Amino acid sequence: MSVPTLAVDGAQNHPATIDSPAVRDPLELFSVGEMTARVAEIAVEKAAHPVSFLVRSLVGGAMVSFGVLLSLVVSTGVSASGIASLLMGLAFGMSFALILVSGMSLITADMAAGAIALLQRRMNPLGYLRLLLIGLIGNCAGALTFVAVCAAAGGPYLGSFAQRAAVVATAKTSQPTLTAILLAVVCTWFLQTSMCLFFKARTDVARMGFAFYGPFAFVIGATQHVIANVGFLGLPLLLSVFHPDAPHTSLTWGFGPHGLLANLAITTVGNLIGGTLFVAVPFQLVARLQENGR
């Protein structure tokens, strides 16, 4: 008798004999060591192909903004904050699954994956910084492009929707710097843990569940994600550009108070700390300890 095993993209590999001692249950999770090797390999592959990586980042940024738009739609007019957060998380949840399944790219995932590759000495610091720079530029451009199209459309994205978008964006830029950084740490602690579990799983159902959990958790937890915030802040800013009757807020594009660039800088730092120190380092440490039999 033979059973199929699952490849990274969910495709079936060549069947192997079930009586062979090398064959494992296809539903069994990959080990931590196997998972970190898979994640590092993805980061190395992205770094080796910067042009395709940039395009993948552009598409990934737009997919994050899919979640931004839908989360604002479902929470508009909901007065109970807990219910509104839950609805936002449910609407946002599939955005990360779209990115992982399609093979597109998200900078916060690359922060953790690249750090694991760096710890495994499969990437040098300069390559890691280049990976982050390309990913950040691509994601920001993709996220802004999608919300620009939505803002230009107007229609259902004016009125109460625009008011909701302005409230959410202002709340994100009104937090003290330390609070925003720590919430950004929590964000990637959630999100990149789910990414690692995605690559640890063998079945498509398990992968979808893990991919959904990350953005669902960081949205209902009211955390700060650098690319999601590009969408959340960029949308009301662009609505006011395209439509004079849209709500005018204290939001700006720059580094001042309530500035998009200021928020981007703060959340990038926090997301980097969360993805590296609290996800990449612990998982790689566990993999190394298990490899040494400790």
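## Basis of the model

This is a predicted model, in which local features need pLDDT of at least 70 and side-chain atom pairs count only at pLDDT 80 or more, while totals for chains, interfaces and linings use all residues. Residues are numbered from 1 along each chain as its sequence is written, and side-chain values use heavy atoms, with hydrogens and water left out.

Helices (H or I, at least four residues) and strands (E, at least two) are DSSP runs, numbered from the N terminus.

## The nonpolar patch

L58 is found in helix α2. L58 also belongs to a nonpolar surface patch of about 590 Å². Two helices, α2 (50-75) and α6 (125-153), each supply at least two residues of the patch. The most comes from α2, with 5 residues.

Patch residues have over 30% relative accessible area and no salt bridge; nonpolar side chains (Val, Leu, Ile, Met, Phe, Trp, Tyr) are joined within 5 Å, and like charges within 9 Å. Accessible areas come from the Shrake-Rupley method with a 1.4 Å probe, and for residues only the protein chains shown count as cover.

## Salt bridges

Side chains of opposite charge can pair when their charged atoms come close. A salt bridge here is a side-chain nitrogen of Lys or Arg within 4 Å of a carboxyl oxygen of Asp or Glu. The whole structure holds 4 of them. One of these joins R56 to E45, with the closest N and O atoms 3.0 Å apart. R56 lies in helix α2 and E45 in helix α1 (residues 32-48), so this pair ties together parts that are 11 residues apart in sequence. R56 counts as buried, at 17% relative accessibility. E45 counts as partly exposed, at 30%.

K46 and D110 also meet through their side chains, at 2.7 Å from N to O. K46 sits in helix α1 and D110 in helix α5, so the pair ties together parts that are 64 residues apart in sequence. Both K46 and D110 are buried. Another salt bridge links D204 and R207, whose closest N and O atoms are 3.3 Å apart. D204 and R207 both lie in helix α9, 3 residues apart, about one turn of the helix. D204 is partly exposed, with a relative accessible area of 41%. R207 counts as buried, at 2% relative accessibility.

## Helix packing against α11

Axes are lines fitted to C-alpha atoms, for helices over the stretch in contact, and angles run from 0 to 180 degrees between N-to-C directions. The axes of α5 (residues 107-119) and α11 (residues 260-291) come within 8 Å. They cross at roughly 40 degrees. Helices α5 and α11 are therefore oblique to each other. Angles under 35 degrees count as roughly parallel, over 145 as roughly antiparallel, 65 to 115 as roughly perpendicular, and the rest as oblique. The crossing of α5 and α11 is right-handed.

Helix α1 also packs with α11, at an angle of about 130 degrees and with the axes 8 Å apart. The α1 and α11 pair is therefore oblique as well. The crossing of α1 and α11 is left-handed. A crossing is left-handed if the near helix is turned anticlockwise from the far one by less than a right angle, and right-handed if clockwise.

## Loop residues

Most residues other than glycine have a negative phi, and most peptide bonds are trans. R121 has a positive phi, near 60 degrees, and is not a glycine. R121 is found in the loop between α5 and α6. R121 is exposed, with a relative accessible area of 79%. H258 has a positive phi of about 60 degrees and is not a glycine either. H258 is found in the loop between α10 and α11. H258 is partly exposed, at 23% relative accessible area.

T223 is placed in the loop between α9 (204-220) and α10 (226-242). T223 counts as buried, at 3% relative accessibility. T223 and G234 are 11 residues apart in sequence. In space they are 17 Å apart, C-alpha to C-alpha.

Terms used: Buried < 20%, exposed > 50% of the residue type's maximum accessible area, 1.4 Å probe, protein only.
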